[in-house]
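Here is a short briefing on one protein chain. Look over the sequence and the model first.

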Amino acid sequence: MARPPAPPEADDPLLALYFERRANLVRFLAARAGSLSAGEDLAQELYLKLAARDRAAEVDNPSALLYRVALNLVVDRARGEQRAAARDTAWRQVARTELGGVDIAEEPPADEAAASAQRLRQLVAAVELLPPQAGRAFRLHKLEGRSHAETAQAMGLSVKAVEKHISAALKALTARLAPR
């Protein structure tokens, strides 16, 4: 009958010490990290670091090394949290406006954004239903921002004709999109 493989701590005194003192390590880490769950997470990270290290290196004081690595993990986590907080603060300063100490979102509420998107889809559909010349004049002038003269030149029409097409397009769109 085959024997089960030996646990990793069997040939590693540092891992054996880790398992012997795990409860103390969790309390040590929790006290420095601020919560028991953070202490548990850090203890797990500590185990992974110890298990992945080069075991050929001789350790003079395993207990001191164990607690030094644990403390380094606490410091690394604190630095990471500080970087995340600084990154969040910088983003908030760029993406938000503050009024009276309160962050104000500059984007519209979701229901207003959805209503705007729906109105835009309706406008696009209504423009597609315009007569060809009126639709082209409207698109060139209102959507592309060309002047009446530039629109007239692009369409090969007089400025007066372009003005009439745009006026007709606006009347048709107003009638089609007016609330009922």
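The notes below cover the fold, the surface and one residue.

This is a predicted model, where local features need pLDDT of at least 70, side-chain atom pairs count only at pLDDT 80 or more, and totals for chains, interfaces and linings use all residues. Residues are numbered from 1 along each chain as its sequence is written, and side-chain values use heavy atoms, with hydrogens and water left out.

**Fold and dimensions**
- The protein chain has 8 helices and 2 strands, taken as DSSP runs (helices H or I, at least four residues; strands E, at least two) and numbered from the N terminus.
- Along the sequence the order is α-α-α-α-β-β-α-α-α-α.
- The radius of gyration is 35 Å, well over the 16 Å from the globule rule for 180 residues, so the chain is more spread out than a compact globule. The radius is taken over C-alpha atoms, and the rule is 2.2 Å times the number of residues to the power 0.38.
- Along the principal axes, the C-alpha atoms fill a box of roughly 95 × 55 × 35 Å.

**Burial and contacts**
- Of the 180 residues, 21% count as buried (under 20% relative accessible area, 1.4 Å probe, protein chains only).
- Among contacts (heavy atoms within 4.5 Å) with a separation of 6 or more, 55% join residues 24 or more positions apart.

**Thr-151**
- Thr-151 sits in helix α7, residues 148-155.
- Thr-151 has 0% relative accessibility and counts as buried.
- Beyond its neighbours within four places in sequence, Thr-151 contacts Ala-137, Leu-140, His-141, Arg-146 and Val-162.

**Surface**
- The accessible surface is about 12,600 Å², and carbon and sulfur atoms hold 56% of that (Shrake-Rupley method, 1.4 Å probe).

Methods: Buried means under 20% relative accessible area, exposed over 50%, partly exposed in between (1.4 Å probe, protein chains only).
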